[in-house]
Amino acid sequence: MPALQIAPRPDRQWLPLIFLWLAVLLPALGLAQAKPLPDEVRRANLETQVTAMEQAFLKEDFETFADFMHPDVVRLAGGPDVLARQLRKGLEDMSAQGGKVSNVTHGAPTRIVAVDRQLQCTLPQTTEFQLAAATKTTQSTLLAVSSDGGRTWAFLDTAGKDWEAVRRLVPNLSREIVLPAKSQ
């Protein structure tokens, strides 16, 4: 009688390779993710994302714009869809009165500070409005916050808010973050 041969089950033939992958590759990937980003990469990510946010606003793509907002701002607005509707309505009201946002730009960020597990800095922002035959320019300060080491950034416009009001939204706001005085 021939010996009974049992073929390996097809779903188990990959187990040694899976264990090898788990044992060798996952720790290596974990180390790669734990390595902090260099400051120039953090700043490049910040620049790319604040520019994309400004472009989304100018294109009236408020869904994308909301993706760049600080999560607590989005939550307080009632969610990203509600925030997008509110922004769209505000622009429609302005347009009905003959106005529009013609440009949004930003300046260089301040020094990036680390607090708890977060990175924070500010950027000056300039918004130009066309109102009838005149152009009006407003200045504000954006707070930029990253919770993943500078890979992604969320933004909060601090215009009209003092340091304590911003701190209610960002409880771990660093004392090193300087906001312009609230104008009366």
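Strands β4 and β5 (residues 154-157) pair in the antiparallel sense over four bridges, where strands are DSSP runs of E with at least two residues and helices are runs of H or I with at least four residues, both numbered from the N terminus, and where two strands count as paired if DSSP finds at least two bridges between them. Within this pairing, Val-145 stands opposite Ala-154 of β5. The model is a predicted one, in which local features need pLDDT of at least 70 and side-chain atom pairs count only at pLDDT 80 or more, while totals for chains, interfaces and linings use all residues. Residues are numbered from 1 along each chain as its sequence is written, and side-chain values use heavy atoms, with hydrogens and water left out.

Strand β4 (residues 134-146) also pairs with β3, again in the antiparallel sense, over 13 bridges, and Gln-125 has Ser-140 in β4 as its bridge partner. The hairpin formed by β3 and β4 has two residues between the strands, and Ala-132 in this hairpin takes a positive phi near 55 degrees.

Positive phi values also occur in two loops. Asp-116, which is not a glycine, has a positive phi of about 55 degrees and is found in the loop between β2 (113-115) and β3 (118-131); its relative accessible area of 66% makes Asp-116 exposed, the term for values over 50%, with buried meaning under 20% and partly exposed in between (1.4 Å probe, protein chains only). Glu-60, likewise a residue other than glycine, has a positive phi near 60 degrees and lies in the loop between α2 (39-58) and α3 (62-67), where Glu-60 is partly exposed, with a relative accessible area of 45%.
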